[in-house]
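These are my notebook entries on a structure I examined.

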Amino acid sequence: MIDTESRPVELLLLIGQHLATILGFLLALLLVSRVLRQHSRPATSIAWFLFMVLAPWVGVPAYLVFGGRKLRDRAGRKPELHASAPMPQAAEVADVADDSARRLVACGLPPPRAGNAMELLTDGTAAYERLLALIDDARHSIHLTTFILADDAVGRSLVAHLAARAREGVAVRVLVDAIGSLCARAWRLRELTRAGGELGVFMPVLPLRRRWSANLRNHRKLAIFDDAIVLTGGMNLAHEYMGPALPEDALERRWIDTSVELRGPAVADFAQLFAQDWQFATGRTVAVGPAPAALGEITLQIAPTGPDVAGEPFYDVLTAAIHNARDRIWIVTPYFVPDEGLLRALALQARVGVDVRLVMPRQSNHRVADLARNRLLRELAQTGVRVFLHPHAMIHAKHIVIDDRVAITGSVNMDARSLYLNYELALFAYGRTAAARDAWWIDRLAAHCEESLPPRPGILGRWAEDLSWLLSPLI
């Protein structure tokens, strides 16, 4: 019992603690309706609800900064992509029988484009050398978007090449994510701007900055040269992903990742996407020229996803494509923490005899993501899903092949952040040629992996896996 005459300070502190607790719970309850309104997935709603109720003074601020599924107000009301964008002139619109193409168009995304040439780059050295060559050969413009532009030897080399081209009169525009490229953009990129290049920073973190957010990140990777050639895929601009050739004993330090080089009418859709992202981040406009002429036989369709896209077209189309698969569903991903809908679709298809394979690293660079996936992998294996884990290297590539109909690549991981929060970019390549090429690469990658499962953990391990899975919608 507190002596109210001799201990007034303790009494005031006790009253203050009670009031703070009550206020925290009231704030949490006030946000419950917002949580339910913004999150269509029960797992995400439950995770945020528990976080805010059990630890309100941490959970409430965390939700206000990091929560929200679309958060269009905080996204600066970025216009929906392609809703008002002009159709690229002379673009070859393909008549594709695949349901994925029709569904993406129905969601408001660009139609598939016929007549493209496409080359898959599966080696970080080859991708780095090709990127430098395209920078050095550009005549008019270089437009580059990346999540990470690192302050390392690779990042500094690329900035130096870009600055050299800017000094020669090439229009160089570089759009970096505020968090992903935090280390490099502080001062290294001044070399680029001093040379006459332009720099855009996507979604600054500080609240006083224009169109800020600590949560909505631009994970798209895209480089466009003279509005005629595109490099896109999963590679960031850092030594883990690409760079000069490494000695034999250091090869495992470089992650397994891919990029694709594209030419043809689909390039105009990438140019339009960059122009809209650039205008949102900087307030400055970029002219988009006519679509290039047909140069190949591949039909391509871009599928950006994120807060600037109505609904969840990539997720919806991917789920439908998995349900419609007849022969195979091969997935390469660094992280595997999908929601219940995708898990059930994969399990159902494996049970009916579809060849479902998952290829990923045994240990990724995110321990919590690994713990969250382990139980899911063991459960899927019981339905017939084959799991291939690379014993040594980090796999950062993102590829999906469904039957001999479609190959999907880009920046989208199989986790909640990529599927629901980040600004991402996927590429659908239709037809037997594209599917066979990606399937051949996945088969080679799987040959270097072990068909195995994460070991069953003990009591503490099970607790860690369950807690990580519970938190997975928030990370």
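This is a predicted model: local features need pLDDT of at least 70, side-chain atom pairs count only at pLDDT 80 or more; totals for chains, interfaces and linings use all residues.

Entry on Asp 226. I located Asp 226 in the loop that joins strand E5 (222-225) to strand E6 (229-233). I read its phi as near 55°, a positive value in a residue other than glycine. I recalled that most residues other than glycine have a negative phi.

Entry on Asp 403. I found Asp 403 in the loop between strand E13 (399-402) and strand E14 (406-410). Its phi is also positive, about 55°, although Asp 403 is not a glycine.

Asp 226 has a relative accessible area of 25%, so I list Asp 226 as partly exposed.

Entry on the nonpolar cores. Which members of the largest nonpolar core touch the most other members? I found that they are Phe 270 and Val 359, in a core of 48 residues. Among the elements that give two or more residues to this core are E5, strand E7 (259-263) and helix H14 (432-447). Helix H9 (267-282) gives the largest share, nine residues.

I then listed contacts of Phe 270, leaving out residues up to four places away in sequence; they include Leu 222, Ile 224, Val 230 and Leu 427. I also recorded a second, separate core of 45 residues, which includes Ala 101 and Tyr 430.

Key:
Residues are numbered from 1 along each chain as its sequence is written. Side-chain values use heavy atoms; hydrogens and water are left out. Helices (H or I, at least four residues) and strands (E, at least two) are DSSP runs, numbered from the N terminus. Buried means under 20% relative accessible area, exposed over 50%, partly exposed in between (1.4 Å probe, protein chains only). A nonpolar core is a set of buried Ala, Val, Leu, Ile, Met, Phe, Trp, Tyr and Cys residues joined through side-chain atoms within 4.5 Å. Contact means heavy atoms within 4.5 Å.
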